[in-house]
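I'd like to walk you through one structure, so let me put it on the screen.

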Amino acid sequence: MSKSKKSAKHTMLSEIWRRFRKNRQAVVGLVVLVLFVLIAIFADVIAPYGFDDQDASRAQIAPCAEFIFGTDNLGRDVFSRIIYGSRYSLSIGFLAVGISVITGGFLGIIAAYYPKLDNIIMRTMDLFMAIPQMLLAMCIVSALGGSLFNLMLAVGLSSTPKFARVVRASVLSTREQEFVEAARAIGAGNLRIIWHHILPNSISPLIVQATLAMAGAIISASALSFLGFGIQAPQPEWGAMLSAGRKYIRTLPYLTVIPGLAIMVVVYALNVVGDGLRDCLDPRLKKRVRKGAQYEREHIGSPRPGDPLRHGRRDRPGSKRHLLFPERGREHRPRGRDRRRQDHHGPGHHGSGARSPRRGGGRQHRL
């Protein structure tokens with residue numbers, strides 16, 4: 001039994017990976033993301049200098065062979081600070097989203113499975129969603145203090161309502177399935193049903209939402225550090241580096257351009273990976289898009305000469321305009337044999353020797 005479960009799981013993972021490989025942008029984003037993760041892990045080996053090594057003799061050096069990204073006003077190597085800063089930005093993104101997944105997933109499951117608590121939990125989530133996410137994070141950091149853990153906690157708690165709504169919607173659709181009713185009929189408890197039946201079948205949208213939320217968490221953490229609510233100097237967080245370099249944006253523009261490019265590349269990689277996972281875990285979405293495009297090509301297509309009914313999408317059969325004016329596009333259109341003759345010889349021409357079908361002319365066939 002265990003071997004069959006392992007083989008089924010292996011087959012499912014291989015199928016997901018096969019779908020994921022077809023999306024080239026997602027594969028490129030995954031490679032970039034893995035590269036940044038490896039850089040963050042081996043930062044002590046890759047960085048040529050420490051992130052806080054100061055030397056006044058090499059201050060404000062433009063990018064060159066010795067200093068790839070130049071140095072700042074205190075003589076610190078920007079390349080080394082970018083490498084060490086990847087640790088802070090990526091850890092904030094992963095851990096903040098982890099906090100959101102745990103808290104939001106728990107609240108969403110409880111709200112969907114127990115209808116009596118649904119209204120209380122979701123109205124509380126709506127109250128938090130009424131407050132702007134950045135403002136809520138700033139309030140939490142101001143109350144707890146500006147540290148790495150408090151920054152992750154603030155970003156994670158401010159994103160919790162989104163995860164709660166996603167998980168609740170998925171669990172509501174899964175709760176009514178036949179296998180859940182069968183598990184309840186054989187006497188399975190609520191905890192077992194939630195953990196073994198509902199959660200595994202509702203985790204796909206949660207994974208997609210978590211991947212896309214990592215990009216937002218990195219941007220939020222960088223924005224908070226830029227405003228002075230996040231990690232403070234001399235820690236090399238990318239948002240804090242942007243804030244420190246804005247004073248020299250005219251004389252030393254690389255101090256702001258390079259951290260901004262690092263944030264942009266990581267966020268883009270996370271977004272394309274999230275889109276790829278969404279296409280893999282929900283292939284019905286791509287099928288619906290393909291069917292819609294195929295319908296457009298087959299039923300709308302390019303207009304034919306003399307056919308005003310197909311000149312636009314509003315005039316196709318079944319549309320509101322076609323229902324209001326059904327005679328539009330059908331007037332003065334010949335039918336049957338007359339239409340074939342008109343297409344063959346032109347309008348108003350019946351051909352030589354051709355007689356009207358009502359007169360009964362033409363050659364008579366005997367049985």
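Let's begin with the surface: the protein exposes about 22,900 Å², and carbon and sulfur atoms supply 60% of that. Accessible areas here come from the Shrake-Rupley method with a 1.4 Å probe, and for residues only the protein chains shown count as cover.

Before going further, a word on the source: this is a predicted model, where local features need pLDDT of at least 70, side-chain atom pairs count only at pLDDT 80 or more, and totals for chains, interfaces and linings use all residues. Residues are numbered from 1 along each chain as its sequence is written, and side-chain values use heavy atoms, with hydrogens and water left out.

Overall, the protein has 16 helices and zero strands; these are DSSP runs numbered from the N terminus, H or I of at least four residues for helices and E of at least two for strands. Of the 367 residues, 35% are buried. Buried means under 20% relative accessible area, exposed over 50%, and partly exposed in between, with a 1.4 Å probe and protein chains only.

Now, a helix pair. The axes of helix 9 (residues 178-185) and helix 10 (residues 190-201) come within 11 Å and cross at roughly 175°. The axes are lines fitted to C-alpha atoms, for helices over the stretch in contact, with angles running from 0 to 180 degrees between N-to-C directions. That crossing makes helix 9 roughly antiparallel to helix 10, a label for angles over 145 degrees. Who makes the contact, meaning heavy atoms within 4.5 Å? Helix 9 brings Phe 179, Val 180, Ala 183 and Arg 184, while helix 10 brings Ile 193, His 197, Ile 198 and Asn 201.

On to charges. The structure holds nine salt bridges, each a side-chain nitrogen of Lys or Arg within 4 Å of a carboxyl oxygen of Asp or Glu. In one of them, the side chains of Arg 87 and Asp 44 meet at 3.3 Å, N to O. This pair links distant parts of the chain, 43 residues apart: Arg 87 sits in helix 4 (residues 78-113) and Asp 44 in helix 3 (residues 43-46). Arg 87 is partly exposed at 30% relative accessible area, whereas Asp 44 is exposed at 52%.

Glu 176 pairs with Arg 175, again at 3.3 Å between the closest N and O atoms. Here Glu 176 is exposed at 51%, but Arg 175 is buried at 18%.

Finally, Asp 72 bridges to Arg 76 at 2.9 Å, and both residues are buried.

Notes: Parallel < 35°, antiparallel > 145°, perpendicular 65-115°, else oblique. Contact = heavy atoms within 4.5 Å.
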